[in-house]
Amino acid sequence: MTTRMRLWAVHVMLLVYAVLALAPVLLIAMNSFKSRKGIFRDPLALPTGETFSTVGYERVFANSDLWLWFANSLVVTVVTLAAVVVFGTMAAWALAAYRFRGRLVVGLFLALGIMVPIRLGTVAILDLMTSLGLTNTLAALILVYIAQGLPVAVFIFSEFMAQVPRDLADAARCDGVPEFRIYAHIVLPLIRPAIATVAIFVMVPIWNDLWFPLILAPGEGTRTITLGVQQFIGQYVTDWSAVLAALTLAVVPILVLYLALSRMMVRGLTEGALR
Amino acid sequence: MADVDIKGLAKRFGETAALEDVSLSVADGEFCVLVGPSGCGKTTLLRIIAGLETETEGSLSIGGADAQALAPARRGIAMVFQSYALYPHMTAYRNMSFGLKFQKVSRPDIDERVRSVAEMLGISDLLHRKPAELSGGQRQRVAIGRAIVRNPKVFLFDEPLSNLDAALRATTRLEIARLHKALGATMIYVTHDQAEAMTLADKMVVMKDGRIEQIGTPLEVYRKPANLFVAGFLGHPKINIVTGAIAAEYGAASIGLRPEHLTLSPSGKGYAARVVHVEPLGSEAHVHLRSDALGPLILRAPSDFSVSGDGDLHVTFERTRVLLFDENGNAIN
């Protein structure tokens, strides 16, 4: 009986949290299908026959470079993700499996990256990007986001790799498998759940970031979706229907990526890859 | 030719020495068992032979060639791990063939080798399964198969049976012995189990605290242990060690009496003893005795042993069976 009650308690808590987390998103999605009047008369109401309107979406598709923003965001996120996973797993495997001079220093250096927010270095980063002539390029964003994502990635990967039995790598060495193949064919498949976890952790803040796109790549051609949406927010007039519609659309790709990755994560966990 | 020659080998981790002055030569085709309590350095020695660990000093040659500078795969060895170390995400077939892909072996050749080895080990039907779908014994076979497929000059076994249950351990032990005969390869086998060591070894190496205590055939080592540690390590039940006045009679600081060399004397000759406890094992009985002259003793008796009367009896032994040790615990010849 008590275990059942505890189960209920846990579920109630999770449910409350889920409602809290989802309510703003639902609110945005809901109001994006309402006319301006509908939004302001009763923001919490569902769209009715009277207030239902797709005017926001129409304006977003007609008056903006939505597809360009999407493409920019996707390029930045996916390239960063790939680089973080490749370099992060390599660094983590090196730190976990090899003893070398300076291993502790490198590990601490990377751990420092978790503790110090990268935004503190914004001025220096802008300076650097200007000197490199990378302002208003997606490369600038990608480089910064790789630096932002790597420390956490290395940390999580190291934890997972510590669980890969040492005997496996040793057996492969006896088998004559080259070191890089050990990493690629034995270690990587075993930490698949970790890769999915890291991808989710790294992906979401990048997709949602407004700070660095605003500072490093505000030009017409390099705007990301979060930055692009801002064009509907004016100093005096804000086109709320369009803003909410664009925001709702912005959620879709990340949601799809998230679902794909979390399925991969669960599959990895249930397969019991490390047992 | 695949003899293994080790001279003056030492391995130190900072201040602590894992191996000290180890010299050993294993002849081609010999089955050499390294045995000792846990932490005695036997696994470290095996890993150094494999090239997974680097020695601090000393020399190592395999098949007459200096092996120290060679990577594990170049040494002509194959290792079977205690944990099996099968790649969990690959099928048994892939586990066995994976290493060969990097050895410039052609694809049909790989296939043929894997299938014939699988045939030999009776795992042909299991090749498509992943390790998680195999039992402990089957995993062990796949691990051994992965070693055989490489055609190594020297097989290295690191406690390969210790994760198996007792019944399976006995049959697998037999199979390894059969395999050794069939392949004729040099094998170096690490275990802490004296039964495995005694039954498998051509050459038995007893280790303790990073040093070799004795090298010899199993019977040699059992009959003529070099010191008290070896005498005590081998044999079940454990050897009886007697010190004091009776040992002095033999001109030794202590004497060793194997439980099977003690006999009960009905005539009242010998040393008076009292039965403390009897362990009937079915095939035999272990009788725990207490003697004023000899101290606590264990005696191996026939299975129908029973205590008669008040449990007082007499123990005798042949002088020729007595093992003599000096005050440092070393054997006196």
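Trainee: How many bridges join strand 12 (residues 254-257) of chain B to strand 18 of chain B?

Mentor: Strands are DSSP runs of E of at least two residues, helices are runs of H or I of at least four, and both are numbered from the N terminus. Two strands pair if DSSP finds at least two bridges between them. Strands 12 and 18 of chain B run antiparallel, and the bridges joining them number three.

Trainee: Before we go on, what kind of model is this?

Mentor: Residues are numbered from 1 along each chain as its sequence is written, while chains are lettered from A and ligands numbered from 1 in the order in which they are written. Local features need pLDDT of at least 70, side-chain atom pairs count only at pLDDT 80 or more, and totals for chains, interfaces and linings use all residues, as this is a predicted model.

Trainee: Which strands of chain B stand at the edges of that sheet?

Mentor: The open sheet has three strands in the order 11-12-18, with antiparallel pairing. Two of them have a single partner strand each, so one side of each is left without a neighbour in the sheet: strand 11 (240-243) and strand 18 (323-325).

Trainee: In chain A, where is confidence highest?

Mentor: pLDDT is the predictor's confidence in each residue, from 0 to 100, and chain A averages 88. Helix 13 (residues 240-271) has the lowest mean, 83. The highest, at 94, belongs to helix 6 (residues 122-132).

Trainee: At what angle do the axes of helix 4 (residues 66-97) and helix 10 (residues 192-208) of chain A cross?

Mentor: Axes are lines fitted to C-alpha atoms, for helices over the stretch in contact, and angles run from 0 to 180 degrees between N-to-C directions. Residues are in contact if their C-beta atoms, placed from the backbone, lie within 7 Å; Ser73(A) and Gly88(A) are among those that helix 4 contributes, and Trp207(A) is one of those from helix 10. The two axes come within 10 Å and cross at roughly 145°.

Trainee: Which helix gives the most to the side of domain 1 of chain A that touches domain 2 of chain A?

Mentor: An automatic or database domain assignment sets the bounds, dividing chain A into domain 1 (1-62) and domain 2 (64-271). Their contact takes 14 residues from domain 1 and 13 residues from domain 2. Helix 1 (2-31), helix 2 (36-41) and helix 3 (55-63) each give two or more residues to the domain 1 side. With six residues, the one giving the most is helix 3.

Methods: Contact = placed C-beta atoms within 7 Å.
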